[in-house]
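Keep the structure open beside you as you read.

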Amino acid sequence: MFKAGIDVGSRSIELVVLKEREIYLKTRQETSFDYVSQVNNMLNGLDLDATLVTGYGRHLVSRKLEIGHVTEIKAYAAGVRCLYPDAKAILDIGGQDTKAILLDENGRVVRFEMNDRCAAGTGRFLEIMAQALGCTVMDLAELALSGRHCLAISSMCTVFAETEVVALMAKGTRAQDVARALVRSVARRSSAMLRRIGATDRVVFCGGVARNTAVHKELEDILGTKVEVPEEPDYAGALGAALLAN
Amino acid sequence: MTNAYDEMWKRLDLDLTAHEGLLTVLGKFYNDIYLDQNGRPRGMEYLDFVISEIHGLRIQEITKAKSAGKKVFGTFCVFVPEEIILAADAIAIGLCSGAEVGSEHAERYLPRNTCALIKSFLGFRLARLCPFTNSCDLIIGETTCDGKKKAYEIFNDFMPIYIMEVPNTKSPAAKELFRYEVERFKDKVEQVTGNRITEDRLFAAIRLVNRRRRVLNRLNAIRAAEPAPISGRDALLINQVAFYDDPERFTENIERLCDELEERVGRHEGVAPEGTKRVLISGCPMAVPNWKLPYIIEGSGAVIVGEESCVGQRNTRDLVDEDVRDMGDMLDAITDRYMDINCAVFTPNEPRLRDIEQMARTLKADGVIHYALQFCQPYAIESVKIEQGLKRAGIPLLRLETGYSMEDIEPLKTRVEAFLEII
Ligand code: SF4
Ligand code: SF4
């Protein structure tokens, strides 16, 4: 039996195909304007028994391609529990949003929190800050790891934070230290969300930003506990959707 | 395009072009949210008609009454006793303020982080878009939340406004104060209308308003049936229309609708199949045309079975005692009834938690969605206590904070859908 899960996010689309419970195929593309056709193409030629779509584009894809949909929250819960059967909480930081999810012993969602409408603390926030520092997002993580913890970025708002970064750079502050402060602010915001849902340990960090080793490290530091990151943290949603498809 | 009502609207000093734009948007919105539903009760035709004539026939009626010498009072809060207005043979209109219009105008005076309802009532006035507001001889404000209190001071520069003092606790002294305010309001209404409020007239008004409350309570009780015989959107609309329709006609039509719904329940018929997740909404009032959240919730496959809200059961549950006929006793009875409303501007406000729990149980709700208008401190902050209390009672709760704009529809859908997956 072949089952597919698709995660249509604001920045990227992930597809996972399972053969029984083994991963048979996985692909990933940047989200384009016409993501419905894009998903259609990704599924083209696959002989599937069940398909489920999740992510912010799920409604449109579900309607146009006549497949079922599930929220990212439930999909991430299923995906993460498959990778870490004893996970108790999930932090998912994607391109435009952040979610904190609390699970019970059986892996069911008990509570969740999402960021408000703005992009503060998300992948997009880090991208824009990297631009302001004149580097790529990957470099930002590298920089931050070598930076000192000596200053704080006070604005959460992307626009104000950018201004703050530019001002700091103009004052001659070391890029490493600014990067460190930025990463710290993202980690701080996310850990506050985790605390609000009552997550204390066995946290799994996923979504695109989980690839950022500096955010990961700061998060462990602030939470005072080990935080797991799957090998391919952006696939957890698609994997979960595939598991839930029937 | 010219409209049969253009003359009337011009006389009411509306901005005709902008107003036409508003009606077009409203019509389209109504179509998508209301007329597209399956299995609506036949009796909703009355509501469809009332809404299609929202700024037409009803305004014509009011205009006619005004030229015959009647006065019109506009209110923004369910603490203003309508009975007193009706007893002076005047018209009471609960002004809606549920649309994001004129906010650029409103933001000239108000900070951006003001709740949408407050922005809307000032915006409607400044943008000259609401024939109801413009028909009012007097607007009645009240001292509930700080935002409203301060905004009324600004509003007063554009229209006469009278402020009723609503206390923030339910102590005996607070009740005494409100009793005094009810009397002062009575004097004011008599002075504006030139009509004396006699015992007979007040008694008749009490009975009339009670009748309307009873029919709405009847509607709410019917919604406990499974499958739900009416959608939450339709029920909300009925509660909204109650604020500006003629009370007698409204009551009659809703009685008939309730008869139809009872037949439905008898036949085991509903708007959604049995087993559909049932949601209770609790929190800030949803004024016309603020149908955003109900639309999202029901669009996600649930059905709303009740509203713990001022556009909902807070406005209808309690009746004024009809066993007293003496003026002083009737004013006491009015005071008692109003002081039982459990609004978040009061402290402490534990009875509201009990109300929510009780509604959730009687209406067999699977979960509660707490709705706070963005920047509304009383409800947003109170929701923390509500969440703790419901948790103890084993009732799942989702807290949402949102305004009137449509920009956060997608994240809201995700939250609501995820909540429905959990409960
Ligand atoms: S929520 Fe409170 S302030 Fe608002 S209408 Fe209701 S009683 Fe009045
Ligand atoms: S919603 Fe809240 S802030 Fe707005 S008017 Fe009502 S009580 Fe005041």
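## Two ligands and their shells

A residue is near a molecule or strand if one of its heavy atoms lies within 4 Å of it. Before we use that, a word on the model: it is predicted, local features need pLDDT of at least 70, side-chain atom pairs count only at pLDDT 80 or more, and totals for chains, interfaces and linings use all residues. Residues are numbered from 1 along each chain as its sequence is written, chains are lettered from A and ligands numbered from 1 in the order in which they are written, and side-chain values use heavy atoms, with hydrogens and water left out.

So who sits around ligand 2? The shell is made of Cys115(B), Ile118(B), Cys145(B), Lys148(B), Cys284(B), Leu373(B) and Cys376(B). Let's sort residues by class: Ala, Val, Leu, Ile, Met, Phe, Trp, Tyr, Cys and Pro count as nonpolar, Asp, Glu, Lys and Arg as charged, and the others, Gly among them, as polar. Ligand 2's shell then has 6 nonpolar, no polar and 1 charged. Around ligand 1 you'll find Phe76(B), Cys77(B), Val78(B), Phe79(B), Thr144(B), Lys148(B), Pro285(B), Cys310(B), Cys343(B) and Tyr379(B), which split into 8 nonpolar, 1 polar and 1 charged.

## Helices that cross

Helices (H or I, at least four residues) and strands (E, at least two) are DSSP runs, numbered from the N terminus. Axes are lines fitted to C-alpha atoms, for helices over the stretch in contact, and angles run from 0 to 180 degrees between N-to-C directions. In chain B, helix α10 (residues 172-193) packs on helix α15 (residues 327-338) at about 120 degrees, with the axes 9 Å apart. That makes α10(B) oblique to α15(B); angles under 35 degrees count as roughly parallel, over 145 as roughly antiparallel, 65 to 115 as roughly perpendicular and the rest as oblique.

Now try helix α3 (residues 44-52) of chain B, where Met44(B), Tyr46(B), Leu47(B), Asp48(B), Val50(B) and Ile51(B) are buried (buried means under 20% relative accessible area, exposed over 50%, partly exposed in between, with a 1.4 Å probe and protein chains only). The axes of α3(B) and α12(B) come within 11 Å and cross at roughly 55 degrees, so these two helices are oblique to each other as well. Here Met44(B), Leu47(B), Val50(B) and Ile51(B) of α3(B) touch Asp234(B), Leu237(B), Ile238(B) and Val241(B) of α12(B), where contact means heavy atoms within 4.5 Å. By class, that meeting has 7 nonpolar, no polar and 1 charged residues.

## A buried valine

Val368(B) belongs to strand β7 (residues 367-373) of chain B. Is Val368(B) buried or exposed? At 1% relative accessibility, Val368(B) counts as buried.

Most residues other than glycine have a negative phi, and most peptide bonds are trans. Yet the bond from Val288(B) to Pro289(B) is cis, with omega near -10 degrees, and a cis bond also joins Thr347(B) and Pro348(B), with omega about -15 degrees.

Ser97(B) is not a glycine, but has a positive phi of about 60 degrees; at 3% relative accessibility, Ser97(B) is buried. Phe375(B) has a positive phi too, near 75 degrees, and is partly exposed at 40%.
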